[in-house]
Every structure is written in C-alpha cells, then in structure tokens.
Amino acid sequence: MDRKENPMKHFIPITDLEDLFTYRSGETRLGEVISLMPGRETRYEIFGIPESVGVRANYGIGGTETAWKSFLQVFLNLQSNRFLNGRNIFISGYFHFPDLSQAPVEELRKQVEEIDQEVSQKVHEIVSAGRIPIVIGGGHNNAYGNLKGTSQALGKPVSAINFDAHADFRHLEGRHSGNGFSYAMGQGYLGQYSVFGLQKSYAPEFMLADLTARSNVQLHYLDHLHFTSVGEFREAIQAALHHTSSQPLGIEIDLDAIENVLSSASSPVAFSVAQALQFVREVKTAPHLAYLHLCEGASRLQDERSYPLLGKLLAELVAEFVRQ
C-alpha cells in the first residue's frame with residue numbers, strides 16, 4: 001500500500017510540554033530539555049498509543065489507554081543531570097483512536113487492523129530517519145505495527161525479544177493483542193524470535209507445538225528464570241541476544257511479565273522490577289537495536305482496579321534504556 005494514501009489521521013503531535021512538568025529553582029527537569037522537534041543529535045523518538053482496542057479484541061479488560069499519560073507525567077519530571085540529560089530524546093506525540101468500547105469483537109478486530117496501519121507508518125517514518133522509536137502504551141497488538149514498520153523501513157525481517165509471560169502467537173483469527181507476533185512472522189516481518197519469561201501455565205498446547213517446531217524461535221520459561229541467580233539470569237539474556245543477533249532487534253516488554261503490575265493479565269508470579277531493569281540494561285547494548293515497546297500496563301482498568309505507580313515504573317524503564 002502506498003503510504004501517501006494512508007496518512008496517520010489519528011496521530012496528534014505534542015507542541016507544548018510545560019503543563020506536564022513542574023519547575024523548581026536550581027533544578028532542571030527532563031521536560032525542560034527534551035525536544036519537540038528532531039535534531040541532528042536526536043537518537044530516540046518517544047510516542048504513545050493510548051488504546052485498549054487490541055486487548056478487548058482478545059477478550060481482555062480495557063485500561064491500557066491510561067499508560068501514556070501516566071508515563072509522561074513522571075518521565076518529564078525526572079531530573080536532567082549527568083546520568084540522563086534528555087537532549088537526544090524527541091517526544092513527537094500520540095495516537096487518539098475512536099472509542100469503540102461497546103463494539104462487538106469482530107468490529108474491534110477490524111479497528112485493530114486500522115491501528116496496525118497507522119502505527120506501522122509511524123514506526124517506518126522514525127526508523128527511516130535513523131532514530132530509535134520508544135513506543136509507550138496500548139495492547140501487545142502493537143508489536144505487529146512495530147515489526148512491520150521497522151522491517152519495511154530497513155528492507156529486511158526484524159528479530160524480537162519479547163519479555164512476556166505469553167508468546168502472543170495465537171491463531172490468525174483476526175487481529176488482537178494475542179497474535180501480533182504470529183501475524184508478523186507469517187507476513188515475513190519477524191525473523192528470529194525469543195520469548196523471555198513464558199509462563200507454562202498459560203501457554204496453550206497448540207501454541208507450544210507450533211513454537212517448538214520452529215528453528216527461528218527460542219523459548220525461555222519463567223518457571224526457570226524466576227529462581228535463577230543474577231549471573232544465570234544475565235546468561236539467559238545473553239542467549240536471547242545471541243539468538244536474535246543476525247537481524248535488527250526490536251525489544252518488546254509486556255508489563256504483565258512484572259509481578260503485580262496492573263494489566264489485563266496481572267500476575268503475582270512474574271519477574272521482579274529489578275529483573276526487568278537488568279533485562280533493559282543488558283539488551284540496550286545490542287549493536288543493531290531497532291526499537292523499544294512497553295505495553296499492556298494500566299494505571300486504571302475498566303473494572304476500577306488502579307495502580308498509581310505505573311508511571312514511575314514506565315519512566316524508570318525508559319530512563320534505563322536511554323541512559324548512557
């Protein structure tokens with residue numbers, strides 16, 4: 001499809017950050033130095049996808065649309081200092097898609113296809129400009145748009161390490177948050193794939209049979225990683241990096257892989273925040289890093305459960321990723 005015929009009609013540029021951070025005399029916040037226009041020094045471009053269409057299309061609980069604002073309010077108030085100054089970061093904006101929360105699943109899945117189209121175009125634009133996208137929010141359906149946009153921009157398949165309790169490799173039954181990777185691989189956008197933290201209790205047998213039969217797929221089970229030493233955990237990350245080293249690498253982090261973080265699939269049996277930060281610290285050294293995507297987290301779900309610390313968690317993960 002000609003991209004000129006498919007404009008990003010739902011993308012809203014951010015033109016002012018001042019209402020999102022607080023000035024304090026003698027201090028400099030990230031919001032004061034982060035750019036709203038890309039420059040020659042810009043390495044990272046942050047944008048948001050505040051939607052839960054893909055989650056609800058997968059029979060989940062909506063709420064992932066709350067992550068983007070929660071992230072911005074904390075991240076922009078972090079200190080700009082010798083460890084992180086923000087001058088190589090550009091925040092471009094966010095998508096705002098129509099609310100179809102009362103629509104049937106079939107209609108939601110059609111809307112996910114439209115979201116795919118616009119997200120892939122945005123990622124294509126960023127990667128083509130030589131920047132690394134940092135994508136915040138939305139369901140894991142957006143892994144497909146990330147992989148497609150990156151693959152088309154670079155003219156080759158992309159590898160992915162998915163820090164996730166689920167492989168999201170469900171049947172090609174219409175787009176939703178549970179089949180972004182199966183669609184991407186089936187269409188040639190995803191090459192080498194490593195699932196880091198797969199939870200045995202929630203992996204359907206049909207999916208396990210499919211994944212284990214593929215030589216380009218590597219599975220690291222949470223049941224083992226959760227109890228390893230720091231050194232063994234690092235070795236597993238290095239194994240995932242080695243498996244995916246032949247192609248540009250996308251990093252996908254599903255927040256439901258971190259213990260007790262609010263999401264449609266929250267779990268008390270998951271990685272710790274310290275392990276998630278270690279994972280980011282290791283994978284950001286990959287030589288052909290393509291993008292980072294943080295998804296599935298919510299500060300409030302539609303069933304009224306809330307998690308006020310989500311913004312801080314997202315901000316710390318991004319800060320660790322961009323910190324030199």
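This is a predicted model: local features need pLDDT of at least 70, side-chain atom pairs count only at pLDDT 80 or more; totals for chains, interfaces and linings use all residues.
Leaving aside neighbours within four places in sequence, which residues is leucine 317 in contact with?

## Leucine 317 and its surroundings

The list reads Leu255, Ile258, Ala276, Leu277, Val280 and Leu294, where contact means heavy atoms within 4.5 Å. Leucine 317 itself sits in helix H11 (residues 310-322). Helices here are DSSP runs of H or I with at least four residues, strands are runs of E with at least two, and both are numbered from the N terminus.

Leucine 317 is buried, at a relative accessible area of 0%. Buried means under 20% relative accessible area, exposed means over 50%, and partly exposed is in between (1.4 Å probe, protein chains only).

Residues are numbered from 1 along each chain as its sequence is written, and side-chain values use heavy atoms, with hydrogens and water left out.

Now for some helix pairs. Two packed helices are described by the angle between their axes and the distance between the axes. Axes are lines fitted to C-alpha atoms, for helices over the stretch in contact, and angles run from 0 to 180 degrees between N-to-C directions.

The axes of helix H3 (residues 67-75) and H11 come within 7 Å and cross at roughly 65°. That makes H3 roughly perpendicular to H11; the cut-offs are under 35 degrees for roughly parallel, over 145 for roughly antiparallel, 65 to 115 for roughly perpendicular, and oblique for the rest. By class, the contact of H3 with H11 has nine nonpolar residues, two polar and one charged. Here Ala, Val, Leu, Ile, Met, Phe, Trp, Tyr, Cys and Pro count as nonpolar, Asp, Glu, Lys and Arg as charged, and the others, Gly among them, as polar.

## H10, wrapped up by the rest

Why is helix H10 (residues 273-283) described as largely enclosed by the rest of the structure? Because eight of its eleven residues are buried. These are Gln275, Ala276, Leu277, Gln278, Phe279, Val280, Glu282 and Val283.

Helix H9 (residues 230-243) packs on H10 at an angle of about 45°, with the axes 10 Å apart. That makes H9 oblique to H10, and the crossing is right-handed. From H9, Val230, Phe233, Arg234, Ile237, Gln238 and Leu241 meet Gln275, Gln278, Phe279, Glu282 and Val283 of H10. The contact of H9 with H10 divides into six nonpolar, three polar and two charged residues.

## H7 and its buried face

In helix H7 (residues 205-212), the buried residues are Met207, Leu208 and Leu211. Seen down the helix axis, they fall within an arc of 100°, so they line one face of H7; the arc is that of the directions from the helix axis to the C-beta atoms. What do they pack against? Strand S6 (190-198) and strand S7 (217-221).

## Two residues with positive phi

Tyrosine 59 has a positive phi of about 65° although it is not a glycine. You'll find tyrosine 59 in the loop between helix H2 (53-56) and H3, and it counts as exposed at 64% relative accessibility.

Aspartate 168 isn't a glycine either, and its phi is positive at about 50°. Aspartate 168 lies in the loop between strand S5 (158-163) and helix H6 (180-186). Is aspartate 168 buried or exposed? At 8% relative accessibility, aspartate 168 counts as buried.

## Valine 55 in H2

Back in helix H2 there's valine 55, which is buried at a relative accessible area of 2%. Not counting residues up to four places away in sequence, valine 55 touches Gly60, Ile61, Thr64, Gly139, Asn141, Ser177, Ser264 and Glu296. The C-alpha atoms of valine 55 and glycine 178 are separated by 8.0 Å, although these residues are 123 apart along the chain.

Technical notes: A crossing is left-handed if the near helix is turned anticlockwise from the far one by less than a right angle, and right-handed if clockwise.
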